[in-house]
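Colleague: I want to learn how to read cavities and pockets in a model. Can we work through one together?

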Amino acid sequence: MSGQHTLPDLPYSYDALEPYVSQQIMTLHHKKHHQTYVTALNAAEVSYAKTATPKERIALQAALRFNGGGHINHSLFWKNLAPAASEGKGKGGELKPGPLKDAIDSNFGSLDSLKKEFNAATAAIQGSGWGWLGLNPSTKRLEIATTPNQDPLLTHIPIIGVDIWEHAFYLQYLNVKVDYLNAIWSVINFKEAEKRFTEGLSGSKL
């Protein structure tokens, strides 16, 4: 049924990712920005269901793509994060031995090398978009990719996604995107990423 998308709950409190991502950013990002995508997606789907002509449907496709992508990407993003192990709060930033670590070491040489390549590619996005670590479904290799605006990652199975829209970092890191990208690795949920990776290898739905 159209118009039934809802804002997912965060799997942690709004202040749980501090000092790497502030409570203010998380509250606004989740309650305001993600909620806006959900509300607009529902409205677009309701309007689409009522359209009578192909011209009307074409006019709504951009709204469906943008807000649908925003909802999909952010729903993945929240699960992508976890309170930092370095702060004694959780498991964020902790990559334990296992299939994901083996694949990162094989494809990039080390986690530090992955971070360097990922941050460079993501910081280079012109305007707004997302940086991704994805699993190539053909080669079964981990690769770095980017998407503009709120476009979801369709060429790869998403393993880790990082929002590089200004609303994700500006209140804390101002215009220094690299500082935000360096910090966010301390709250990346590698346990969730490994789950997606192993399911992707097995062909399970994510």
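**Reading the voids**

Modeller: Start with the lining. Val21, Ile25, Met26, His29, Phe77, Ala168, Tyr180 and Ile184 line the largest cavity. Keep in mind that this model is predicted.

Colleague: Which elements give two or more residues to that lining?

Modeller: Two helices do: α1 (23-50) and α6 (177-184). The largest share comes from α1, with 3 residues.

Colleague: How many cavities of 30 Å³ or more does a search of the whole structure find?

Modeller: The search finds 1. The volume of the largest cavity is about 30 Å³.

Colleague: How does its lining divide by class?

Modeller: Count the residues by class. For the largest cavity, 7 are nonpolar, 1 is polar and none is charged.

Colleague: Where does the largest cavity lie relative to domain 1 and domain 2?

Modeller: Check which domains supply the lining. Domain 1 (23-80) and domain 2 (99-202) both give residues to the lining of the largest cavity, so this cavity lies between them.

Colleague: Which residues line the second largest pocket?

Modeller: Lys91, Glu94, Leu95 and Lys96 are among them. Phe190, Lys191 and Glu194 complete the lining.

Terms used: Residues are numbered from 1 along each chain as its sequence is written. This is a predicted model: local features need pLDDT of at least 70, side-chain atom pairs count only at pLDDT 80 or more; totals for chains, interfaces and linings use all residues. Side-chain values use heavy atoms; hydrogens and water are left out. On a 1 Å grid over the protein atoms alone, a cavity is a set of points where a 1.4 Å probe fits but cannot get out, and a pocket is an open set with protein on both sides within 12 Å along at least five of seven lines; lining residues have an atom within 4 Å of a point. Grid points are joined across faces, edges and corners, and a volume is the space filled by probe spheres set on the points. Helices (H or I, at least four residues) and strands (E, at least two) are DSSP runs, numbered from the N terminus. Ala, Val, Leu, Ile, Met, Phe, Trp, Tyr, Cys and Pro count as nonpolar, Asp, Glu, Lys and Arg as charged, and the others, Gly among them, as polar. Domain bounds come from an automatic or database domain assignment.
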